[in-house]
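Hello,

Here is the structure we spoke about, for you to open alongside this message. My notes follow below it.

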Amino acid sequence: MLFNSIEFLVFLPVCFIIYWFVLKNYLKAQNTFILITSYFFYGWWDYRFLALIAFSTVVDYLIGLTIDESNSKSRKKALLIISLVVNLGLLGFFKYFNFFVDSWVDAFESLGIEMHRGTLNIILPVGISFYTFQTLSYTIDVYREKLKPSRNFINFAAYVAFFPQLVAGPIERATNLLPQFSKKRVFNEEQGISGVNLILWGLFQKIVIADSCAPYVNSIFDNYESMNSLSLILGAVYFAFQIYGDFAGYSNIAIGTARLLGFDLMRNFNYPYFSRDMAEFWRCWHISLSTWFRDYLYIPLGGSRGSKWAQLRNVLIIFMVSGFWHGANWTFVFWGFLHAIFFIPILLLDRNRKNVNQVSENRILPSLKEFTQMLTTFCLACIAWVFFRASNITEAFSYIKTVVTKLDFDIQYLFMERYNVELLLLIFIFVLLEWFHRTQEHPFTGNWKWIKITCVIFMLLTLGVYSSHQDFIYFQF
């Protein structure tokens, strides 16, 4: 079930009414209801994969209890390894099996050796990368004794399958979300209003910004060989805003929906395109994933301790694994590699914690230096986004090559029967909205909040893309 669908528009109010008006005094009933509705929400896409979530849930629930009850360190470690093998094994099979087969065959064929390409027709379960990492964080934290295991199976199962963030995050830590299922929840009007505001802003980011960018991006990337430099540059810029509006929009709807049910999820985006360097960008983009890799991979590898060579190795590993997490394609791995290359100079100069304050703090406009830094960081991100969006590595390099060799900056009429610059005004308005509210979660604050809410609703009704229904990009990951 999609957040931007009629089904969800019916589903959420029904859940809200039953949850608060029928079950408000019964915590166990509320948690059971969340579990049932979460499985219904996921099963709406494909009920067959409910067994996969249930299996992961049972495995990690039992392993968590057994780790806690064991007095042997070696046995605890063996149990953790079982959890890692089961969860990463399922993820690897469904997401990467065909990728490894194709890569193996391609490697031999490049040497002139013909091999049979024995791939399988595997359906990638929606959200498997997200809920796999969420359950792994639980068993790892139990192993590290940072968290006592849950002895309430309903609470744990609801934590794993919690529908607002089940299929595209934020990737919640058990230390944050799981205890909330044990506490009595009382409806808080302020929390509910902030939830509705986040849902509204998320829908605007998705339906107005991301889905408006999508046809331009598709038209330019699908026909990049006939595009001039201006169109190709705009294609990268449009995709940057498409994926940001799409993913940040989903995250805001998820966080807002959770608040309507009395839960607080972690923030996943913090205006990343106002970052002054790549280190700041990764503190603001997909925060739940970047902090997951930091805590469960980067720090165990040694983090920023040790020699510079060890730090460089750790950075390269973390970014390339992050790229591989996004998809079974060398384009994602190279996207991660590029971000490592962009990050390494900052690390070598010990400037990775330089820009931790709010950009243009207590000022309306950025300084020339800040503007240049933000523009440079955005351009680097756009170069990397070309590889993220391209179908393969060859296409990505060809796209970049065409930008720098086909130096034609005329306004071009696209195959979608629109001029390539038509979307710039909408993006400019969106950037201004975010800039002047960069210290808040959403723009619906201050004395003019009702005017802003009215304008956003008007833009949703008039500029929102509904005819060409767009799935969320991160569903494929």
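S229 sits in helix α9, residues 229–260 (helices are DSSP runs of H or I, at least four residues, numbered from the N terminus). The model is predicted, so local features need pLDDT of at least 70 and side-chain atom pairs pLDDT 80 or more, while totals for chains, interfaces and linings use all residues. Residues are numbered from 1 along each chain as its sequence is written, and side-chain values use heavy atoms, without hydrogens or water.

S229 is buried, at 0% relative accessibility (buried means under 20% relative accessible area, with a 1.4 Å probe and protein chains only). Beyond four places in sequence, S229 is in contact with T402, V403, K406, L407, D408 and F409 (contact means heavy atoms within 4.5 Å). A polar atom of the S229 side chain lies 2.2 Å from the backbone oxygen of K406. Between the C-alpha atoms of S229 and A29 there are 59 Å in space, and the two are 200 residues apart in sequence.

E280 belongs to helix α10, residues 278–284. With a relative accessible area of 7%, E280 is buried. Leaving out residues up to four places away in sequence, E280 touches F274, S275, N355 and N357.

Lastly, a helix pair. Helix α3 (residues 50–69) packs on helix α6 (residues 153–161) with the axes 10 Å apart and at an angle of about 130° (axes are lines fitted to C-alpha atoms over the stretch in contact, and angles run from 0 to 180 degrees between N-to-C directions). On the α3 side the contact is made by I53, T57, V58, D60 and Y61, and on the α6 side by F153, F156, A157, V160 and A161.

Regards

How values were computed: Helices (H or I, at least four residues) and strands (E, at least two) are DSSP runs, numbered from the N terminus. Buried means under 20% relative accessible area, exposed over 50%, partly exposed in between (1.4 Å probe, protein chains only). A polar contact is a pair of N or O atoms within 3.5 Å; within protein, one must be able to donate a hydrogen and the other to accept it, and residues adjacent in sequence count only if both atoms are side-chain atoms.
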